[in-house]
Amino acid sequence: MKYTAKAFAFAAAALMAAGCSQNKGQDALTAAIVAEDVVPVVSVAKTEVRDVLQEEVYASTVQANVVNNVVPQSGGRIKKINVEIGDFVSKGQVLAEMEAVNLLQSRLKLVNDSTELVRLKGLYQAGAISKSDFETAEMGYKVSRTSYENLLENTVLRSPISGVITARGYDAGDMYAMQLPLYVVQQITPVKLLVAISESRYSKVEKGQSVTLTADALPGRTFEGRINRIYPVIDPASHTFTAEVVVPNSDRALRPGMYANVKVLFGINSSVVVPGTALVKQQGSGVRTVFVLNADGTVTSRVVTTGRRADEFVEVLEGLSEGETVVTAGQAALKDGIKVEVI
C-alpha cells in the first residue's frame, strides 16, 4: 500500500496528539493525588470571655456655651470702642460707649424730679398738699429713674457674660444702624457639643454621665465632659436623639467650630471574644465566618455575629461559645470538613 506525504504527516500529528493527551492526563492525576495528600497547616486559638466596653464615638462640633449679641436699644453714633476681636472680657466690663446727649438730658430730668419729690414730701408731711399730688410726683420720679437707667444701659454697653469677643460690626464714629450687632461675645468656659445618638441607646444615657472627647486640632489631648441635657424627642428622620455635652475647658484650648469626636460609654458586656485574624469576611456581603477546629482534626465553617473590637480581639455576640478552638491563620486553603495540621 502506498502512502502519500500528506498521509504520513497526518499520522504523525495524530500520534503526537495522543502522546500529549496521555501526558496531560497523567499530570492532572498526579496533581490531584498530591493535592489530596497535602494537609493544610493552620494556627488556632481558643475563644474566651472578657469584659468588653460598650462605647461609641460620635462626630460633633464644639460650640460656645452662651452667645450674646451686644447692641444698643436704638440708633446713634458710636463714641468709643474699648475691646477688639479675640479679647477676653469679664461680665460687666465696658465694651463700648454711645453718644451721651440723651443720657445727660435724662439725668438732668431725674435730678430735677428727685429734688421736687423731696420738696413735695415735706409739704405732704406738713399737710400742705394732698396725697394724690404727692403720689403723682413720686410716680414721675420713678418714670424718670427708669428712663435714665435704660438709657445708661444702652449708652454704656457692658458685656453680659465673661467670654471672648468673636465679632465686631462697627468702628468708633460710625452711626449704629441697628443691622449688625456691635459685638458678639461667646462664653467658652465651658463649651458644649450636641451629639446625635441612636434611639436604641436612649435608655442607656443619663444626665450627668461622663464622656471623653478628642479634637482634630489638638492631637494627643483628651478632654473630660459630662452630659448636661438630654433632648426629650427622637428625630423621626434619623431615629436619633440629641445629648448636650458640656466640657469645662478651663484652659480655653477648645474653641467654637472645632471638629471633635465624643466617646460615650453605654456599659460593659461579658462576652466571648476571638482574635480579629480568625474572622473571614465573605466577598460581596457583610457576613463573617470562622473555622472551628473539631475533635477529629477537621474544621467547620460557622457564621458569627460580631460586636465591638477591643484591641486585637473582636466581640462575638452569636455563633461561638467559650472554650472553642478557632483557626487564626491559614484559612485561605480551608473548606468545610477538611483535615488540618495545627502548629
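Trainee: How many aromatic pairs does a search of the whole structure find?
Mentor: This is a predicted model, in which local features need pLDDT of at least 70 and side-chain atom pairs count only at pLDDT 80 or more, whereas totals for chains, interfaces and linings use all residues. Residues are numbered from 1 along each chain as its sequence is written, and side-chain values use heavy atoms, with hydrogens and water left out. Rings of Phe, Tyr and Trp (its six-membered ring) pair if their centres lie within 6.5 Å; planes under 30 degrees apart count as stacked, over 60 as edge-to-face and the rest as tilted. On that basis, the number of aromatic pairs found in the whole structure is three.

Trainee: Which kind of pair do Tyr-170 and Tyr-176 form?
Mentor: The ring centres of Tyr-170 and Tyr-176 are 5.4 Å apart. Because their planes stand at 70°, the pair is edge-to-face.

Trainee: Does Tyr-176 count as buried or exposed?
Mentor: Buried means under 20% relative accessible area, exposed over 50%, and partly exposed in between (1.4 Å probe, protein chains only). Tyr-170 has 9% relative accessibility and is therefore buried. Tyr-176 has 7%, so this residue also counts as buried.

Trainee: How many residues apart in sequence are the parts that the pair of Tyr-202 and Phe-241 ties together?
Mentor: Tyr-202 and Phe-241 form an edge-to-face pair, with 4.7 Å centre to centre and 80° between the planes. Helices (H or I, at least four residues) and strands (E, at least two) are DSSP runs, numbered from the N terminus. Tyr-202 lies in the loop between strand E10 (183-198) and strand E11 (210-215), and Phe-241 in strand E13 (residues 240-247), so the parts tied together are 39 residues apart in sequence.

Trainee: What is the relative accessible area of Phe-241?
Mentor: Tyr-202 counts as partly exposed, at 33% relative accessibility. Phe-241, by contrast, is buried, and its relative accessible area is 0%.

Trainee: Over the ring of which residue does the charged end of Arg-50 sit?
Mentor: A charge sits over a ring if NZ of Lys or CZ of Arg is within 6 Å of the ring centre and within 35 degrees of the ring normal. The charged end of Arg-201 meets this for Phe-266, 4.5 Å from the ring centre. For Arg-50, the charged end is 4.0 Å from the centre of the ring of Phe-313.

Trainee: Which strands stand at the edges of the open sheet of four strands?
Mentor: Two strands pair if DSSP finds at least two bridges between them. The sheet has the order E7-E6-E4-E9, with antiparallel pairing. One side of each edge strand is left without a neighbour in the sheet, because each has a single partner strand; these are E7 (156-158) and E9 (175-176).

Trainee: In E13, which residue is the bridge partner of Ile-227?
Mentor: Four bridges join E11 to the antiparallel strand E12 (residues 223-230), where Phe-223 stands opposite Leu-213. E12 pairs in turn with E13, in the antiparallel sense, over four bridges. The bridge partner of Ile-227 in E13 is Val-245.

Trainee: How far apart in space are Arg-308 and Glu-55, C-alpha to C-alpha?
Mentor: Arg-308 lies in strand E17 (residues 299-310) and counts as buried at 18% relative accessibility. Arg-308 and Glu-55 are 253 residues apart in sequence, whereas their C-alpha to C-alpha distance is 8.2 Å.
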